Amino acid sequence: MSKAKLVILDCWVSPFCMRVKIALNEKGLEYEAQAEDLFGGKSELLLSSNPIYKKVPVFLHDGKPLCESSIIVNYIDETWSSPPLLPPCSYGRAQARFWADFIDKKVFDACGNIWRSKGEVPVEAKKEFIEILKQLEEALGDKDYFIGTTFGFVDIILIPLTSWFFAVEKIGGFTVEAECPKFSNWMKRCLQRESVAKVVPPPEKVYEFVLMFRKMQGID
């Protein structure tokens, strides 16, 4: 059987692209990451592969495109079953998908409410962000990872978003470690994994990007 050709249309700073690359790394799959210039002009391949949203990531499996990072990670897990990213029981899988959905709906928007702030960050924006992390910390409990002892689907969905937290902390004037120590320990644990460490950029580099983006948007 010929080897599948796996391509991701990528942007280094996008946490949504990082999710796909981490999932592929966890499965031990070889892939090609094609960098997209999201500011200078999107490629024809991106526009034709994702005509609805015109956004990265796009995952191409033997030329067949898939969009939306959570859907792509799920597809990767179903297509290459070992090691599994979701629990074996249907209830466990449903719970994992609930938290993945919560993360998708809440975390990045709450980050944006802080780093997009003009002038002093509103107290409400900081309070909302920390409250979301506290809810996730409660869901984590005393476990090493969200599904238990094994790094899996929920961790893959969440850990890339934390690459933007240093920027949020600097702009917001607080630290995640002080507010949510258990969550902070989970972050450190995940970042030590090879599949994560070779994908997630240094937080200072993301912070520089955020400052540049704020200038581009006329915030600073």
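E26 counts as buried, because its relative accessibility is 14% and buried means under 20% relative accessible area, exposed over 50% and partly exposed in between (1.4 Å probe, protein chains only). This residue is found in helix 1; helices (H or I, at least four residues) and strands (E, at least two) are DSSP runs, numbered from the N terminus. The model is predicted, so local features need pLDDT of at least 70 and side-chain atom pairs count only at pLDDT 80 or more, while totals for chains, interfaces and linings use all residues. Residues are numbered from 1 along each chain as its sequence is written, and side-chain values use heavy atoms, with hydrogens and water left out.

- E26 and I156 are 130 residues apart along the chain, yet 9.5 Å separates their C-alpha atoms.
- I130 sits in helix 5, which covers residues 123–140.
- Is I130 buried or exposed? I130 counts as buried, because its relative accessibility is 13%.
- From I130 to R189 the C-alpha distance is 20 Å, and the two are 59 residues apart in sequence.

**Regions named in UniProt**

- An unreviewed UniProt entry places the feature "domain: GST N-terminal" at residues 4–84. UniProt positions are given in the numbering used here, feature names are shortened, and annotations may be inferred rather than shown by experiment.
- Residues 4–84 are 36% helix and 21% strand. The end C-alpha atoms of this span lie 19 Å apart.
- The feature "domain: GST C-terminal" is placed by UniProt (unreviewed entry) at residues 89–209.
- Residues 89–209 are 69% helix and 0% strand. Here the end C-alpha atoms are 41 Å apart.

**The largest nonpolar core**

- The largest nonpolar core has 72 residues. Such a core is a set of buried Ala, Val, Leu, Ile, Met, Phe, Trp, Tyr and Cys residues joined through side-chain atoms within 4.5 Å.
- Which residues have the most contacts inside this core? They are F129, L136, L158, F165, F183 and W186.
- Helix 4 gives the largest share of this core, ten residues.
- The core lies between domain 1 (6–79) and domain 2 (90–217), because both give residues to it. These domain bounds come from an automatic or database domain assignment.

**The largest pocket**

- About 780 Å³ of space lies in the largest pocket. On a 1 Å grid over the protein atoms alone, a pocket is an open set of points with protein on both sides within 12 Å along at least five of seven lines. A volume is the space filled by probe spheres set on the points, which are joined across faces, edges and corners.
- The lining has 29 residues, and S14, F16, K55, V56 and F108 lie nearest the pocket's centre. Lining residues have an atom within 4 Å of a point.
- Helix 1 (15–26), helix 3 (69–79), helix 4 (90–115) and helix 11 (203–216) each supply at least two lining residues. Helix 4 gives the largest share, five residues.
- Domain 1 and domain 2 each give at least three residues to this lining.
- By class, this lining has 17 nonpolar, four polar and eight charged residues. Ala, Val, Leu, Ile, Met, Phe, Trp, Tyr, Cys and Pro count as nonpolar, Asp, Glu, Lys and Arg as charged, and the others, Gly among them, as polar.

**The second largest pocket**

- The second largest pocket holds about 270 Å³ of space.
- It is lined by 15 residues, with T162, F165, M187, L191 and P203 closest to its centre.
- Helix 7 (165–172), helix 8 (176–179) and helix 9 (181–191) each supply at least two lining residues. Helix 9 gives the largest share, four residues.
- This lining divides into nine nonpolar, three polar and three charged residues.

**Backbone details**

- Most residues other than glycine have a negative phi, and most peptide bonds are trans.
- A cis peptide bond, with omega about 0°, joins V56 and P57. P57 is in the loop between helix 2 (44–49) and strand 3 (58–61).
- S82 and P83 are also joined by a cis peptide bond, with omega near -10°. P83 is in the loop between helix 3 and helix 4.
- D62 is not a glycine, but its phi is positive, about 50°. D62 is in the loop between strand 3 and strand 4 (64–67). Its relative accessible area is 48%, so D62 is partly exposed.
- E68 is not a glycine either, and its phi is positive at about 75°. E68 lies in the loop between strand 4 and helix 3. With a relative accessible area of 34%, E68 is partly exposed.

Methods:
1 Å grid on protein atoms, 1.4 Å probe; cavity = no way out; pocket = protein on both sides within 12 Å on 5 of 7 lines; lining within 4 Å.
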